[in-house]
Amino acid sequence: MSKNINKTNTHLEEALSDFISKISDDSNKDTDLIAKKFLTQLEKKFNFQKKDIASIFSHLEGVNHNHPIYINKIPFISFCEHSMFPFFGDVSIAVLPDKNILGVSKFSDLVNNLSSKLTLQEKLTEEIGEKILQYLDCLLYTSPSPRDS
């Protein structure tokens, strides 16, 4: 099977390189290198080792915390499920926990996990909110709003 994947990758690289050379004004560009680099980065994004959502929300037990938590500008990159064009921005999250809290990095893990697939900006926003409400017993949660950069 890996022979088929390698063959497919080679075909993709060649087709993308050809496409880049046809639309580029600069004939000196190394289109093969650009195509290979692009496809490698794309593959890394989709093969990101996602954490189990439940493990992200393994909150701190025995910690009473009922003050607002605000995480500002968690960066993300994702790809549109309709066009496969990338979209990116940042997400800010505000939570008023009842008792259970998460470390700041866990919110970043959640955004990275959910943005590492084909999705829509609206779906990403909704999913982040659903997961926070599902796993973190909070009194108030304000919906993140990814802002385009």
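Q: The expected span of a helix is 1.5 Å times one less than its number of residues. What span does α5 reach from its first C-alpha to its last, and what is expected?
A: In this predicted model, α5 has 15 residues and reaches 21 Å from its first C-alpha to its last. The value expected at 1.5 Å a residue is 21 Å, and the span of α5 is close to it.

Q: Which residues of α5 are buried, and against which elements do they pack?
A: The buried residues of this helix are Leu-124, Thr-125, Glu-127, Ile-128, Gly-129 and Ile-132. They pack against the strands β1, β2, β3 (118-119) and β4, and against helix α4.

Q: Why is Glu-127 called buried?
A: The term applies under 20% relative accessible area. Glu-127, which is found in helix α5, has a relative accessible area of 19% and is therefore buried.

Q: What makes the pair of Glu-127 and Lys-117 a polar contact?
A: The limit for the N or O atoms of such a pair is 3.5 Å. The side chains of Glu-127 and Lys-117 make their polar contact at 3.0 Å, which is within that limit. Apart from residues up to four places away in sequence, Glu-127 touches Leu-114 and Lys-117.

Q: How many aromatic pairs does the structure hold?
A: The structure holds 1 aromatic pair. Its rings belong to Phe-76 and Phe-87.

Q: Are Phe-76 and Phe-87 buried or exposed?
A: Phe-76 has a relative accessibility of 4% and counts as buried. Phe-87 has a relative accessible area of 13% and is buried as well. Both conclusions follow because the limit for the term is 20%.

Q: Why is β2 described as largely enclosed by the rest of the structure?
A: The description holds because 9 of the 12 residues of β2 are buried. Ile-93 is found in this strand, and at 0% relative accessibility it counts as buried. Ile-93 and Ile-69 are 24 residues apart in sequence, with their C-alpha atoms 8.1 Å apart in space.

Q: What makes Thr-119 a buried residue, and which residues is it in contact with?
A: Thr-119 is found in strand β3. Its relative accessibility is 1%, so under the 20% limit it counts as buried. Leaving aside neighbours within four places in sequence, Thr-119 is in contact with Ser-78, Phe-79, Cys-80, Glu-81, Phe-87 and Leu-124. The C-alpha atoms of Thr-119 and Phe-87 are 9.8 Å apart, across 32 residues of sequence.

Q: Which residues touch the most other members of the largest nonpolar core?
A: This core has 24 residues, and those touching the most other members are Phe-57, Ile-93, Val-95, Phe-107, Leu-110, Ile-128 and Ile-132. The elements that give it two or more residues are α3 (53-56), β1 (69-80), β2 (86-97), α4 (104-115), α5 (121-135) and β4 (138-142). Strand β1 gives the most, with 5 residues.

Q: What does the secondary structure of the chain come to?
A: The chain has 5 helices and 5 strands, in the order α-α-α-β-β-α-β-α-β-β from the N terminus. Of its 149 residues, 34% count as buried.

Methods
Residues numbered from 1 in each chain as written. Predicted model: local features only at pLDDT ≥ 70, side-chain atom pairs only at ≥ 80, totals over all residues. Heavy atoms only, no water. Core = buried A, V, L, I, M, F, W, Y, C linked by side-chain atoms within 4.5 Å. Buried < 20%, exposed > 50% of the residue type's maximum accessible area, 1.4 Å probe, protein only. Helix = DSSP H or I, 4+ residues; strand = E, 2+ residues; numbered from the N terminus. Polar contact = N/O pair within 3.5 Å; in protein donor to acceptor, adjacent residues only side chain to side chain. Contact = heavy atoms within 4.5 Å. Phe/Tyr/Trp six-rings, centres within 6.5 Å; stacked < 30°, edge-to-face > 60°.
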